[in-house]
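Here's a quick briefing to read alongside the model. Have the viewer open and follow along.

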Amino acid sequence: MSANEQYYRVLGLEPGATLEEINQAYKDLAFIWHPDRIPKDNPRLQQKANEFLKEINTARDRLRAYLQQKPKATPPNASPSPSYRPPRPQSSETRYWGADFKRANLKERDLSGRDFRNANFTGANLSDAFMHKVNLSGAILFQANLFRANLLQANLSHANLREANLVGADLSGADLSGADLRGARVGVGDRIFVKLTGARLTGAIMPDGTVHQ
């Protein structure tokens with residue numbers, strides 16, 4: 001079995017599934033196996049959920065890269081179109097440095113792997129968005145809604161997260177060094193509902209105004 005066939009199997013798909021089917025399968029599995037949905041008193045199942053989440057993240061990323069690089073089939077003996085241009089590198093397709101997404105509705109959007117350095121997401125709706133390994137270094141997320149957003153291994157260093165809604169967000173492995181989280185909503189009452197397993201918080205300004213050492 002090839003590596004790609006194994007990735008399809010991880011997502012419960014047959015080889016040849018479309019990018020849309022891959023993204024939807026990923027969303028469904030991530031929703032079912034999100035660690036926040038697993039009882040906290042069951043560490044074995046918590047660990048299993050975290051491991052499986054890493055597997056489906058890898059499978060989705062590898063298959064997406066494979067399909068984006070795969071050349072489109074052309075009819076036999078067909079000549080290339082004179083207007084043909086090679087596809088742009090993925091980096092230029094996913095780079096949105098300083099872009100303006102103020103109050104944009106990006107609910108449930110798959111933004112994984114994109115580069116949003118210094119972008120403006122003030123008041124944007126990013127609830128349930130998939131932002132695995134996204135680069136939000138220096139981005140403005142003031143009053144943004146990140147409810148249940150998947151920010152696994154995201155770069156949020158020096159980002160402005162003041163008054164953002166982070167309830168249910170997964171920031172496992174994320175870099176939050178130097179980020180400003182003053183007034184950010186992270187739970188209900190004394191209960192914290194943000195996953196920060198392995199997150200880097202050095203120099204971050206916490207919701208209560210204290211600086212994390």
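Is the crossing in which α1 passes α3 left-handed or right-handed? It's left-handed. Keep in mind that this is a predicted model.

**How α1 and α3 pack**
- Helix α1 covers residues 3-10 and helix α3 covers residues 43-69; the two pack at an angle of about 130°, with their axes 9 Å apart.

**Who touches whom**
- On the α1 side, the contact is made by Asn4, Tyr7, Tyr8 and Val10.
- On the α3 side, look for Phe52, Glu55, Ile56, Thr58, Ala59, Arg62, Leu63, Tyr66 and Leu67.
- Sort the residues of this contact by type and you get nine nonpolar, two polar and two charged.

**Two loop residues with positive phi**
- As background, most residues other than glycine have a negative phi.
- Lysine 133 has a positive phi, near 60°, and sits in the loop between α4 (90-93) and β1 (187-188).
- With 46% relative accessibility, lysine 133 counts as partly exposed, since that class lies between buried (under 20%) and exposed (over 50%).
- Glutamine 153 also has a positive phi, near 55°, and its place is in the loop between α4 and β1.
- The relative accessible area of glutamine 153 is 43%, so this residue is partly exposed.

Methods:
Residues are numbered from 1 along each chain as its sequence is written. This is a predicted model: local features need pLDDT of at least 70, side-chain atom pairs count only at pLDDT 80 or more; totals for chains, interfaces and linings use all residues. Side-chain values use heavy atoms; hydrogens and water are left out. Axes are lines fitted to C-alpha atoms, for helices over the stretch in contact, and angles run from 0 to 180 degrees between N-to-C directions. Helices (H or I, at least four residues) and strands (E, at least two) are DSSP runs, numbered from the N terminus. A crossing is left-handed if the near helix is turned anticlockwise from the far one by less than a right angle, and right-handed if clockwise. Contact means heavy atoms within 4.5 Å. Ala, Val, Leu, Ile, Met, Phe, Trp, Tyr, Cys and Pro count as nonpolar, Asp, Glu, Lys and Arg as charged, and the others, Gly among them, as polar. Buried means under 20% relative accessible area, exposed over 50%, partly exposed in between (1.4 Å probe, protein chains only).
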